[in-house]
Amino acid sequence: MSDEKTPGATVWLTGLPSAGKTTLANELAGRLRAEGRRTEVLDGDEIREFLSAGLGFSREDRHTNVQRIGFVAELLARNGVLVLVPVIAPFADSREAVRKRHQSQGTGYLEIHVATPVEVCSVRDVKGLYAKQAAGEISGLTGVDDPYEAPVSPDLRIASHTQSVPESAADLYALLTERGLA
Ligand SMILES: Nc1ncnc2c1ncn2[C@@H]1O[C@H](COP(=O)(O)OP(=O)(O)OP(=O)(O)O)[C@@H](O)[C@H]1O
Ligand SMILES: [Mg+2]
């Protein structure tokens, strides 16, 4: 049960397009808010519209996008907010830089790998990106023709293809409880 004294933290959900990052973040945010926890979701699409407007999908721009989100997340987390970040963040060094920023400020940081395999993600294809890539309409899709460096030792790996949404969210909630963050 959370209260005013529960410390903030950033919970980064990394994984392929359609892995389930946004779904899980929203599910968990709903549960935490119902308990009175101050929670924010920094979703990739929304961020790209505002904070990262103008950035593309080159390696450099993807890195910049992740650093900007990490910066804002840390500011919020430092002030007691539980920040959920459902953002692909394909490069290990970008994620590591965000972790280090949090560590240097003494702010909690958890990395969650939403580890749905590309074969499942491409069938879910929530935004139609896999189909567009297959049709040659777009290129540079993470996990297909752009790199995805899976976390080697995340705080939690979620096999969303073997679980329901509430089950995955419950695993995540259990981790937060275990770390004194929920
Ligand atoms: N256990 C689960 N956890 C999360 N999502 C699941 C699970 N099982 C099935 N799904 C479904 O998978 C889809 C995941 O889509 P979602 O938009 O959350 O992906 P995403 O990782 O945010 O993708 P993107 O990077 O494109 O934003 C949803 O339709 C969701 O209902
Ligand atoms: Mg999403």
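Q: Which residue is the bridge partner of Thr10 in E3?
A: This is a predicted model: local features need pLDDT of at least 70, side-chain atom pairs count only at pLDDT 80 or more, and totals for chains, interfaces and linings use all residues. Residues are numbered from 1 along each chain as its sequence is written, while chains are lettered from A and ligands numbered from 1 in the order in which they are written. Strands (E, at least two residues) and helices (H or I, at least four) are DSSP runs numbered from the N terminus, and two strands pair if DSSP finds at least two bridges between them. Across from Thr10, the partner in E3 is Val83.

Q: How many bridges join E1 and E3?
A: E1 spans residues 9-14 and E3 spans residues 82-86. Their pairing is parallel, and the bridges number five.

Q: In what order do the strands of the open sheet lie?
A: Five strands form this sheet, with parallel pairing. E2 (39-41) and E5 (156-158) are its edges, each pairing on one side only. The order is E2-E3-E1-E4-E5.

Q: What angle does the direction of H7 make with that of E5?
A: H7 (residues 165-178) packs on the sheet and touches E4 and E5; contact means C-beta atoms, placed from the backbone, within 7 Å. Axes are lines fitted to C-alpha atoms, for helices over the stretch in contact, and angles run from 0 to 180 degrees between N-to-C directions. For H7 and E5 the value is about 175 degrees.

Q: Which element gives the largest share of the shell around ligand 1?
A: H1 (21-34) and H7 each give two or more residues to this shell. The largest share is four residues, and it comes from H1.

Key. Two residues are in contact if their C-beta atoms, placed from the backbone, lie within 7 Å.
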